[in-house]
Amino acid sequence: MTKRSSEDETGRKLRQLKEWYLTNHIDFVSDNGEEIREIGCTKIEFSAVNMIGVYAPHNDVIVIISWIGMFRVHRILVDTGSSMSVLFSRAYSSMNLPHELIEEDENPIIGFSGEVTKAIGKVKIPVTVADKSVLGNFLLLDCKAHYNPIVGREWLHEICAVTSSYHQCLKFLSPKGVVKVMSDQMAAHKCHESAMDEYKKSEVSGNQIMRVEQK
């Protein structure tokens, strides 16, 4: 698929979703939200200036806010270690999207520890950051998660973005200059705290995992 045909498909998908929302009397907001634009910049660079407003020291992942379809979606994990993007069923249901968008997908998902998960299917939904819209290919998973979607390398490469977890942002070039999308550090902290709380309540504790029997 050429870049032009990909852009045409994204435009068609946006129009289809808009028509579906209007037909079903679902409210949506058409504003693109606020991202920081470095007007006139032609190079993607990270410096100490980008640390202004960043809580440090930290070990936070990048969690952004973006438009997916016609909804402003929070708690989007940017995962450079993932080759694919994932949308969790709870978030998908909240977006009131038509079931017809779901396509079959037989590819297994292999996790960090080697466990295999099967997706409900896959969906193609436009993802918009600043003035840039690309068609996101999401695997739909039916499991509990602290994030709404996870965007992987495929999406990052599509918008030609460069990330810096240290500077808590991602950047990409636009016709007017560089666009900087800041991470939501508060959301990243809350997601981490929720995950740790669930871990502490689980039957398997860290001590049990690390226990080694001595002869």
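I count as a polar contact a pair of N or O atoms within 3.5 Å; within protein, one must be able to donate a hydrogen and the other to accept it, and residues adjacent in sequence count only if both atoms are side-chain atoms.

**Ground rules.** I am working on a predicted model, where local features need pLDDT of at least 70, side-chain atom pairs count only at pLDDT 80 or more, and totals for chains, interfaces and linings use all residues. Residues are numbered from 1 along each chain as its sequence is written, and side-chain values use heavy atoms, with hydrogens and water left out.

**His167.** I started in the loop between strands S10 and S11, where His167 is found; strands (E, at least two residues) and helices (H or I, at least four) are DSSP runs, numbered from the N terminus. The His167 side chain makes a polar contact with the side chain of Ser164, at 2.7 Å. Contacts (heavy atoms within 4.5 Å) of His167 include Phe46, Asn50 and Met182.

**Gln168.** This residue sits in the loop between S10 (162-164) and S11 (169-174), and is buried at 1%. I found its side chain reaching the backbone oxygen of Asp60 at 3.2 Å, while the backbone oxygen of Val61 lies 3.3 Å from a polar atom of that side chain. Among the residues Gln168 touches are Val54, His58, Ser183 and Gln185.

**Cores.** Next I looked up the nonpolar cores, sets of buried Ala, Val, Leu, Ile, Met, Phe, Trp, Tyr and Cys residues joined through side-chain atoms within 4.5 Å. The largest has 30 residues, and Leu170 and Trp155 are among those with the most contacts inside it. S2 (62-68), S3 (71-78) and helix H3 (153-158) are among the elements that each supply at least two of its residues. Apart from it lies another core of 13 residues, including Ala187 and Cys191. I noted that Leu170 is in contact with Ile64, Trp155 and Val181, among others.

**Helix H4.** I ended at residues 185-201, where H4 reaches 24 Å from first C-alpha to last, close to the 24 Å expected (1.5 Å times one less than its number of residues). Gln185, Ala187, Ala188 and Cys191 are buried in H4. They lie on the same side of H4 because they cover an arc of only 165 degrees around the axis, taken from the directions from the helix axis to the C-beta atoms. S2 and S3 are included in what covers them. On the other side, Met186, Lys190, Lys200 and Lys201 are exposed.

Methods. Buried means under 20% relative accessible area, exposed over 50%, partly exposed in between (1.4 Å probe, protein chains only). Lists of a residue's contacts leave out its neighbours within four places in sequence.
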